Amino acid sequence: MHVHVNAATSADGKLSSRRREQVKISGSDDFARVDEVRAASDAVLVGVGTVLADDPHLTLDDSSLIDARESRGESPHPARVVADSRARTPTDARILDDEATTYVLVSEDAPETRCESLEAAGAAVVVAGEERVSFPAAFDALESHGVERLMVEGGGEVIFSLFAAELVDELTLYVGSMIIGGRDAPTLADGEGFVEEFPRLSLQSVERVDDGVLLTYTC
Ligand SMILES: NC(=O)C1=CN([C@@H]2O[C@H](COP(=O)(O)OP(=O)(O)OC[C@H]3O[C@@H](n4cnc5c(N)ncnc54)[C@H](O)[C@@H]3O)[C@@H](O)[C@H]2O)C=CC1
Ligand SMILES: Nc1nc(O)c(N)c(N[C@@H]2O[C@H](COP(=O)(O)O)[C@@H](O)[C@H]2O)n1
C-alpha cells in the first residue's frame, strides 16, 4: 500500500489552534490540489480527534474529478477511514453519510455497543489492535478491501504513529504564511515524539502555492 500524508501547517508548524477548531490554512489553489490527491486515492484516513474537532466530510468537491473516477470504473468518491480505537465517532458524523464507503478502525477494547451503533449508522467496522488501533494490521485489512493508495489527512497523533511505524511513503506539506502559536496547539507530528533515530525525509520539490509553500517529500 502507498501511504501519502497531506496536511497544512502554519509557518510555526501548527495544524490548528489550541482550541483544536479547524483553521483555514490552505488557499483555494491548495484546496484544489488536496481534492486531486483525494481523487487519486482509494481511501482517505483521519483520526477520531479530527472527526470530533472538524466533522470532516472527506468527499470530492470538483465534479470533473468525480466524473474522471467514474470513467475509470471507480466509485465517485474514495472510501473514508477513521482511526478510532474506542469507537467514539458520533453516529451523526458527516463522515458516516451514504456518499462513500466508510471504514472505522477500532481496537479490541472498543465497546461492543458502540461498534454496533456505528454499523447501524452505515460504517464498516474493522478490528485491528488490542488497546489502540494497530496500523500495520489495519492496513492489511484495508488492502483486502482493495485499498492500495491511501491518503492521510491528519491529525498530529495519527501522523506521528504512522511515522513511528515507518508506514509513510510520501509527505506533502502546505506551509501557510501565518502564525498560530500555542504550546498546546496540535503540530504535524505529536504523539510521544522521537528522541533518537528521527525519521529522515528526502525533499523532492518546493513550490509556491497561494500565499504559502508546498513541500513534497518521499520518506
Ligand atoms: N491543517 C490540517 O491539515 C489538518 C488539521 N487537523 C487538526 O488536527 C487536530 C486533530 O488532531 P489530533 O488531536 O492529533 O487527533 P487525530 O485526528 O490524530 O486523532 C487521534 C486519535 O486517533 C485515535 N487513534 C487510534 N489509533 C491510533 C494510533 N495508533 N495512533 C494515534 N492515534 C490513534 C485515538 O483515539 C487518538 O486520540 C484538529 O485540531 C484538526 O483541526 C486535522 C487534519 C488536517
Ligand atoms: N489541507 C488542509 N488545509 C487546511 O487549511 C485545513 N484546515 C485542512 N483541514 C482538513 O481538511 C479536512 C476537511 O475536509 P472536508 O472539507 O470536510 O471534506 C479535514 O481533514 C481537516 O482537518 N486541510
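Guide: Strand S7 and strand S9 (residues 212-218) pair in the antiparallel sense over six bridges. Within this pair, Thr172 stands opposite Thr216 in S9. Two strands pair if DSSP finds at least two bridges between them; helices (H or I, at least four residues) and strands (E, at least two) are DSSP runs, numbered from the N terminus. The model is predicted: local features need pLDDT of at least 70, side-chain atom pairs count only at pLDDT 80 or more, and totals for chains, interfaces and linings use all residues. Residues are numbered from 1 along each chain as its sequence is written, while chains are lettered from A and ligands numbered from 1 in the order in which they are written.

Visitor: In which sense do strands S1 and S7 pair?

Guide: In a regular strand the side chains alternate between the two faces of the sheet. Here S1 (residues 2-9) and S7 (residues 170-175) pair in the parallel sense over six bridges. Ala8 stands opposite Tyr174 in S7.

Visitor: In what order do the nine strands form the sheet?

Guide: The order is S5-S4-S3-S2-S6-S1-S7-S9-S8, in an open sheet with mixed pairing. Strand S5 (124-127) and strand S8 (202-209) stand at the edges with a single partner strand each, so one side of each is left without a neighbour in the sheet. Neighbouring strands of this sheet are turned by 20° against each other on average, direction ignored; the axes are lines fitted to C-alpha atoms, for helices over the stretch in contact, and angles run from 0 to 180 degrees between N-to-C directions.

Visitor: How many residues surround ligand 2?

Guide: Ligand 2 is surrounded by 15 residues, the closest being Ala8, Ile25, Ser26, Pro56 and Glu153. Helix H2 (48-54) and strand S6 (149-154) each contribute at least two residues to the shell, which has seven nonpolar, five polar and three charged residues.

Visitor: Is Leu15 buried or exposed?

Guide: A residue is buried if 20 or more other C-beta atoms lie within 10 Å of its own, exposed if 12 or fewer, and partly exposed in between, with C-beta atoms placed from the backbone. Leu15 has 26 C-beta neighbours inside 10 Å and therefore counts as buried. Leu15 is placed in the loop between S1 and helix H1 (28-39). Residues up to four places away in sequence aside, Leu15 touches Ala7, Thr9, Gly154, Gly155, Gly156, Pro186, Thr187 and Leu188; contact requires C-beta atoms, placed from the backbone, within 7 Å.

Visitor: Which residues of the largest nonpolar core touch the most other members?

Guide: A nonpolar core is a set of buried Ala, Val, Leu, Ile, Met, Phe, Trp, Tyr and Cys residues joined through C-beta atoms within 7 Å. The largest has 49 residues, and Val81, Val82, Leu105, Val152, Ile159 and Leu162 touch the most other members.

Visitor: Where is the peptide bond that is cis?

Guide: Most residues other than glycine have a negative phi, and most peptide bonds are trans. The bond from Gly154 to Gly155 is cis, with omega near -5°, and Gly155 lies in the loop between S6 and H6. Glu166, not a glycine, has a positive phi of about 55°; with 10 other C-beta atoms within 10 Å, Glu166 is exposed.

Technical notes: A residue is near a molecule or strand if its C-beta atom, placed from the backbone, lies within 6 Å of it. Ala, Val, Leu, Ile, Met, Phe, Trp, Tyr, Cys and Pro count as nonpolar, Asp, Glu, Lys and Arg as charged, and the others, Gly among them, as polar. Two residues are in contact if their C-beta atoms, placed from the backbone, lie within 7 Å.
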